[in-house]
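Take a look at the chain below and get your bearings. We'll walk through it topic by topic.

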Amino acid sequence: MCNRYALTTSQAAIRQAANAMRDLTGNLAAQPRIFPDESAPIIRTGEDGVRELAMARWGLPSPSRTILEAVGRRADRMRSRGERADLDLLLKDEPDRGLTNIRHPESLHWRPYQAAAQRCLVPFTSFSEFNRAAGGDIWFALSDDRPLAFFAGLWRGRWTGVRALNKGRETLDLFGFLTCRPNAEVEAAHPKAMPVILTEAEDLERWLSAPWAEARSLQRPLADGALSIVKRGAPLDDA
């Protein structure tokens, strides 16, 4: 499960690689450490059909069942303290920290995201999988010079909800990206999954515009040998 990645290339390079005609990011600085619920750039199709580079928050909405179960647990704790639990109010304010990684995009929860308009590309230059026995964060990239690549992502615009109780309700654009079984390099550090990585121009186009049945076929690991370990246990600001 990838919950940390880096993007250190220029926004011009991102736009060129993804054929983005519009840039909504302003002055995009390098991001050597991107964590869940932080803002990062994505390539998406705008409402007018124009491909654009835009910012979104990492973590898509959780399934309603997950939120209902969390509300039930909070209500039980309140009742155990002799407090009254208003389920409607608790449901309205229950924090949803979001889902960063998507393994089963064919599930009912993700069906609204299967349309081409809800797919996005998430640019990155390296990503981390955590393995305590191997030294902590294991950083992977396509090569030591960390060229640009993209995760196959999904996004949602103008979601309104609570991410953290101290911030209250927010309206946000959100994104996450698909995972799949790991290739040989990632499996040695994290045997369960790796991000779906796209490197070829035709695959970028297919993910953003093809019918779902065709785009779904891209949920596959990179070939063995395609990734290099570029750091182990690196400081967070030196990924």
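In which strand does R169 lie? R169 lies in strand β11, residues 169-180. Before we go on: this is a predicted model, where local features need pLDDT of at least 70, side-chain atom pairs count only at pLDDT 80 or more, and totals for chains, interfaces and linings use all residues. Residues are numbered from 1 along each chain as its sequence is written, and side-chain values use heavy atoms, with hydrogens and water left out.

- R169 is partly exposed, at a relative accessible area of 44% (buried means under 20%, exposed over 50%, and partly exposed in between, using a 1.4 Å probe and protein chains only).
- Leaving out neighbours within four places in sequence, R169 is in contact with K92, T160, G161 and V162 (contact means heavy atoms within 4.5 Å).
- D76 sits 93 residues from R169 along the chain, and the C-alpha atoms of the two are separated by 23 Å.

**Strand β10 and its partners**

- β11 is joined to β10 by eight bridges, and the two strands run antiparallel (strands pair if DSSP finds at least two bridges between them).
- β10 is largely enclosed by the rest of the structure, because ten of its 14 residues are buried.

**The nonpolar core**

- How many residues does the largest nonpolar core have? The core has 52 residues, and those with the most contacts inside it are Y5, I43, L121, F127, F175, I197 and W207.
- A nonpolar core, by the way, is a set of buried Ala, Val, Leu, Ile, Met, Phe, Trp, Tyr and Cys residues joined through side-chain atoms within 4.5 Å.
- Strand β10 (residues 149-162) gives the most to this core, with seven residues.
- As a bit of background, nonpolar side chains tend to be buried together in soluble globular proteins.

**Rings that pair up**

- The structure holds twelve aromatic pairs (rings of Phe, Tyr and Trp, taking the six-membered ring of Trp, pair if their centres lie within 6.5 Å; planes under 30 degrees apart count as stacked, over 60 as edge-to-face and the rest as tilted).
- F127 and F140 make a stacked pair, 5.5 Å centre to centre with 25° between the planes.
- That pair links distant parts of the chain, with F127 in strand β8 and F140 in strand β9 (residues 136-141), 13 residues apart.
- F127 is buried at a relative accessible area of 0%, and F140 is buried at 0% too.
- F127 also pairs with F151: the centres are 6.1 Å apart and the planes are at 75°, so this pair is edge-to-face.
- F127 lies in strand β8 and F151 in strand β10, so their pair ties together parts that are 24 residues apart in sequence.
- Ring pairs link Y5, W58, F124, F127, F140, F151, F175 and F177 into a cluster.

**The open sheet**

- Five strands form an open sheet with antiparallel pairing, in the order β3-β1-β8-β9-β14.
- Its edge strands are β3 (31-34) and β14 (228-232), each pairing on one side only.
- Two bridges join β1 (residues 5-7) to β8 (residues 126-131), which run antiparallel, and Y5 has F127 as its bridge partner in β8.

**Q219 in its loop**

- Q219 lies in the loop between α6 (212-216) and β14.
- Is Q219 buried or exposed? Q219 counts as buried, because its relative accessibility is 14%.
- The side chain of Q219 reaches the backbone oxygen of R103 at 3.0 Å.
- Not counting residues up to four places away in sequence, Q219 touches I102, R103, P105, L178, T179, C180 and V196.

Technical notes:
Helix = DSSP H or I, 4+ residues; strand = E, 2+ residues; numbered from the N terminus. Polar contact = N/O pair within 3.5 Å; in protein donor to acceptor, adjacent residues only side chain to side chain.
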